[in-house]
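Hi,

Here is the structure I promised you. Please open it, then read my notes below.

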Amino acid sequence: MTKTFQGRVVTPGAAKAPALVSHGGFNTLASYQMALMFGDKQVKCGDQNNPDLYHKPMIGKALCLPETIGSTTGGMVLYCACALGKQPACMLFSKPIDSLAASGAILAANWTEAAMPVVDSLGEEFLAYVKDGMTVTVAEDGTVTVEG
Amino acid sequence: MILTKEQRAMLEGRQGETMAKVVKTLVMYGEAFGAERMVPVTSRCGHTVISFGIGVMRPVYQLYDQLLNANAVSRQPFSADPRPLDKHIPSSLLQDLVFKVMYSQQERYEEQLRKLGLMGEDAYTCACYLPEAGNTPERGEILSWAESSAVVYANSVLGARCNRNSGIIELMGSIAGFVPEFGLLTDDGRRADWIVEVRTSTLPDAQLLGSAVGMKVLEKVPFVRGLDRWLSRELNERTCAYLKDFGAACASNGSVGLYHIEGTTPEAADLGESIIRENAPVYVVDDEELQRVKDSYPCIWKDPDAVPKLCFMGCPHMTLGQLREWTDRVEESLRAAGNQKVLIPTVFTTAPAVKAEFEKTEDARRLKRTGVVLSTICPLMYMNNPLSKKMPVITSSNKLRTYSSARYYSDEEILAKITKEGK
C-alpha cells in the first residue's frame, strides 16, 4: 500500500530510504553525541529518553519526526553529522520545523557536500502512518511517498 | 525576502564568496520561518554557545578557519559559554585522560574565538548578562545569541529581542551584522500563548517551577501570575536570580525563549494582560503539580541508592548574590549539624568576573573553609563523557538534570545532603 503526503521543502533534494520513526521530539545532541564521539559507523541513537530510537542505527535512514528538542548546539551537531557523512538520508517533520533543526539543515546545505533533503509540515497523519522500515521516497517538490 | 541594496550585494558576492555563503545561510534561515526582511543586530555584544574544542567537532573548526581566512569575523565583540575544563574540579586520573583526549581541540578553538572577536579571556560564561560579566543588552536591542538560558533571560528579564538560534548561526548573524526578522523579534511573536497560575503554598523552587512550565508550554510564551506573593515586582538582585534559574529550566525542559511575569518583566509591566492572546489556556501550578513533575524525573543512575560523589550548583552560573546567600546557608547548616566541611565534594560555578568580584570579599574565604570549590567550568561539559555519566552526581539544576545523568534535588534537599546527610 502506498500513501502520499505533501510537505514544504526546507532544503531541497530527492531521496529513497527505509523509515526510522520518532514519535517524540528528537534530541539532536543526545542522539548523535556518543555516535560521533566514538566513530560509530551505524550512528546508533544515543538518546536514552527516546524509546523509539534508542540504539537504532540512524545513518542513511529517512528520519521521520515531529520536531527536534534540546540544546541550542543542536544545529551545530546536525551540521557536523552531515560534514562527517553520518547524516540520515532525509529528515521529514510532521510539524513546522524548529529553529535548531532548520539551522542544522541549512548549514549542511550551504557548507557541506552532504545530500540531506529536509521537508516539514507533513502533518500528524504522516507520523501516525509511517512505521520503521517502510520505504520512503522524497521528491524535489516536497512530496513524500510511503510504501509498505 | 526583501533585502537592502547592501545585503543583496553581500549575497551576490561583493564581499567575497564566504560572506555570500554567510548571508545565504541567514536568508534561508529566515525564509524557513517566513521572515520578510533582515534587521540590524543592535546590541553591543554577541554570545556564542560553542565554547568547547571537542575533537569530533572538527567540521566546526574547519568552517571557522574558512571564515577567518576570508576575514569574515564578528562585527561585535562576543562572549562564549563556559570552558569545559578546570583542574580544580575533583576528577580521577582516568577522567583527566578522557578530558585531555576529548577536548584536544580546545586551544585551537579558543584561538579561533579570539580572532573572531571574543571579548576577552574572562568572557566564558553562560550568564554573560550578569552586570559583572559585561554583556548586558538593553531593552529592545536585537541580538544574535545562542545559549538557551541566556536567550530566555535576555528576552524576558531584559526585554531584548533574540530568537532561539543554534550554534554557528548566531556567529553568522554577528558577522553579517543582521538577522532575519521572525518569531521573538516581532511584537506578535512575543505575545503570551499560555497563562500560568502559581497557587503554591510557598515560593516554589525556581528550577522546579521552570521545569513544570517548560514541559507544559514547550516552545510557547507563558504569562506567569502569582509569584509576587513572595517575589518583589522590582527586578532586584533576588528576583533576577530567581528568574535566571526559572528561565533556564523553562528553556531546557521545554524550549521556551520568552516568558512574562505579571507586573515584573518589562513587557508584562508595561502592557499588562493585553499581551496575552485571546483564549490562552491556563495551567495551574500548585504543590501537588510540582510534586507530580518532580516525581516524574527518571533516575538513570545504575545504582539509584549510590552515595553521591559530586554536587554541582550553578547551571546556569550563579550570581554574586547567590554565592553570598549560599555561603551563609552552607556555613549555618554545617554549624547546626556540627560539621566543619561539606560531606559531599561540592562545586559552585559562576562567571569569571563574578568569581573575581566574590574573591575580593571575606565571603570567599568563608566558602572555601566549608570545602566548597568555586569554579568557572560548565558542569554540562564536565558531565559530557562516558566516565562522568557513570558518576552519581547531584544538582539543583534542572538544566543539568535534563542533559546529563545528574540527579535533581531541591535547594533545601541539596543543602541537607552536602552539610548533614552525606548521602
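First, a term: helices (H or I, at least four residues) and strands (E, at least two) are DSSP runs, numbered from the N terminus. The model is predicted, so local features need pLDDT of at least 70 and side-chain atom pairs count only at pLDDT 80 or more, while totals for chains, interfaces and linings use all residues. Residues are numbered from 1 along each chain as its sequence is written, and chains are lettered from A and ligands numbered from 1 in the order in which they are written.

Start with the end of one helix. Helix α7 of chain B spans residues 169-176. Eight of its eight residues are buried, so α7(B) is largely enclosed by the rest of the structure. Buried means that 20 or more other C-beta atoms, placed from the backbone, lie within 10 Å of a residue's own. Glu170(B) and Ser174(B) are among the buried residues.

Next, the core. A nonpolar core is a set of buried Ala, Val, Leu, Ile, Met, Phe, Trp, Tyr and Cys residues joined through C-beta atoms within 7 Å. The largest one has 184 residues. Ala62(A) and Ala154(B) are among those with the most contacts inside it.

Last, the contact between the chains. Two residues are in contact if their C-beta atoms, placed from the backbone, lie within 7 Å. Chain B gives 27 residues and chain A gives 26. On the side of chain B that touches chain A, α2(B) supplies the largest share, six residues.

Best wishes

Methods: Buried ≥ 20, exposed ≤ 12 C-beta atoms within 10 Å, placed from the backbone.
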